[in-house]
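Colleague: Could we go through the aromatic rings in this one together?

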Amino acid sequence: MSNVNIRRAVENIKSGVNVYTPLVELVVNAIQAIEMGNAENGRVEVLIKRAPQIQLESSGLPEVTGFTVKDNGIGFTDKNRESFDTLYSAHKIDIGGKGFGRFTCLKYFDDLVISSNYISGDTKFNRSFKMGKKNDIIENEKVTPTEFERSGTTAELKSKKASKFGDRKHTTIARTLFEKLLPYFCTDGYQCPIVELKDELDGNVITLNEFLKKEGRDSIIELPTFNQEFELTENNGEQQAFSARVFKFYSPKQQKSQVNLVAHKRTVTSTQIQNYIPEFAEEFSEITPSGATRNFILKVYVFSSFLDEHVSLERGNFDFHKDNDLQYGISQSQIEEQSVKTAQEVVSEEVNERTSKKQRLVVDYISEEAPWHTQMLETIDLSNLPMNPSEEQIELTFQKAKFNVEDELKKDVKAMLASEDSGSLHDKATDILGRISESNKNDLAHYVALRRSVIDIFKKSLEANDDGKFSSEGVVHDIIFPRKGDSIKTPFREHNLWLIDERLNFTEYLSSDLPLEDHLSDRPDLLAYDKRVVFRGENEASNPVMVFEFKKPKRNDFANASSKDDPVKQIIRYIRKIKSGDFETPEGREINIENNTPFYGYVVCDFDKKVRTWLEEEHDFTPMPDRKGYFKWHASLNLYIEVLSWDKLLKDADMRNKVFFHKLGIN
């Protein structure tokens, strides 16, 4: 009598198995029983059990409810019975038995019922029982003397649990079962007992041993000329031999090309080859002698005593690491990576064609959308990029490569500075500086390309919409610099002040549409306390202060005599308040202003006759040569004011950057 928490054992089966696993388990047990009994004309008969009625939603066939597996092997002798009743039995350990596989039966089916004829001494017996679901593995056991011609066992999987058995066609089940058991039918030097699959619906029988010659002769073929043997080395230096055999599967029905690792003649893991070679993501095709096109995938089966020794209890995984790790020796990915090379050789021409197509997609993206990555095209590894990559996937690949380059640079710089080898310092420094230069070129190209996009967006914001209306001051303001912010909230990477003046990229203090004092005071659209990038001094009185005012495109009401929004008067008012010394920087520091501190005021608006008259006659501004701007000097305030049109702002920004756009080919 056993004492096992069977329910927990079944619940703990969570990976590496599917609905075919218990069927494969019973078939393999039947084959092993035949081998143990040395039976001549060994035979395993698998019967597909179906529901009594066709379901309305079915494809015309009754659903599969279970299977009956019958063999003419040694039967459930006392020794075999004891092994079945023992968790993790070592009875079949020399042929890969883990003493656990039978528990997968109760994961997918309600019942497993056994009836077996066996011989003990000179007496023949029949042993029947049901696999328990609580604590006893064997329940309702009966042993009675019985007359029979040959020993053997009948195992029934009854009542598929929960969801239905997906496959219904006899041929589909045969092909899937054959794929699962394929190593039994192709292992060199091994003669497998006859395995037949019968459909109780019509009595048709498919012999899996002859599947490649008959039912499957047009759907699965082996490619022996591409089979290979290879060795991998363990941490202790011991060599492990592996053998890879390649099969072509036609009409794969949404399957992907796979590499299958085999243990004790049973497929344990199946991994899509596209995980290693993205060009295997889709089926391949070939032209038949009749001129028709046939799709196919490739499956590689890998055999090794190393795999036999390391298969897991449920035979759904291996006990070595999946990913490469120097500490743990040979890994699953290492075996698979070596094995998929055989499949690549089979379809090398088509893989190369797909790779070339992928490279063209990358080149087109770089030339049209991301020219700043051009420098990396010659060195970047695209092998892991999907076969038909999206722009996002391409960009992510380049960003990762850029990060890796920069990370490696940082490590090399750190190692160089820590090194005491002064003799090689010059050569190392030259190499590192050269690599830094290439990285900086990439960043500069990216920055320039982004400027091109900003100018295009800015230009669009100055155009009238479908209703003939123009963007508000707020829209164009936010493109240049976000409102309600300052240089502390908005660092230079997040604004586009270069549209107005390149010096504004680097400032000690900025305020955008914020009161100078409290919420009731005046608000200049933009105030800049300039710290030119070439200087290191902070809050120097000699550094200029810049004040900006933006007016909505096509707006001219500020030029009215009674207007309170006169931007020229507003700038003068702001300057006077700043000179009074009442304001502080965001850090609470006094703004250092002297009599000789230069001030610059800029008004950006659209010009019409009314605005030009207002500037020339009311404020005595002088027009610039292109008539797209005006200027004036206020000596008493040490203030220089320019009034610029939106068109001039856009044109000048474009002209300042045009040579860079030209170099990148993004005019």
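Colleague: To start, are F607 and Y630 buried or exposed?

Modeller: Both F607 and Y630 are buried, where buried means under 20% relative accessible area, exposed over 50% and partly exposed in between, with a 1.4 Å probe and protein chains only. Please keep in mind that this is a predicted model, in which local features need pLDDT of at least 70, side-chain atom pairs count only at pLDDT 80 or more, and totals for chains, interfaces and linings use all residues. Residues are numbered from 1 along each chain as its sequence is written, and side-chain values use heavy atoms, with hydrogens and water left out.

Colleague: OK, and how many aromatic pairs are there?

Modeller: The count comes to 21 aromatic pairs, if rings of Phe, Tyr and Trp (its six-membered ring) pair when their centres lie within 6.5 Å, with planes under 30 degrees apart counted as stacked, over 60 as edge-to-face and the rest as tilted. One of them is the stacked pair of F550 and W646, at 6.0 Å centre to centre and 25 degrees between the planes.

Colleague: Where in the chain do F550 and W646 sit?

Modeller: F550 is in strand β19 (residues 545-550) and W646 in helix α14 (residues 646-664), 96 residues apart, and the pair links distant parts of the chain; helices (H or I, at least four residues) and strands (E, at least two) are DSSP runs, numbered from the N terminus.
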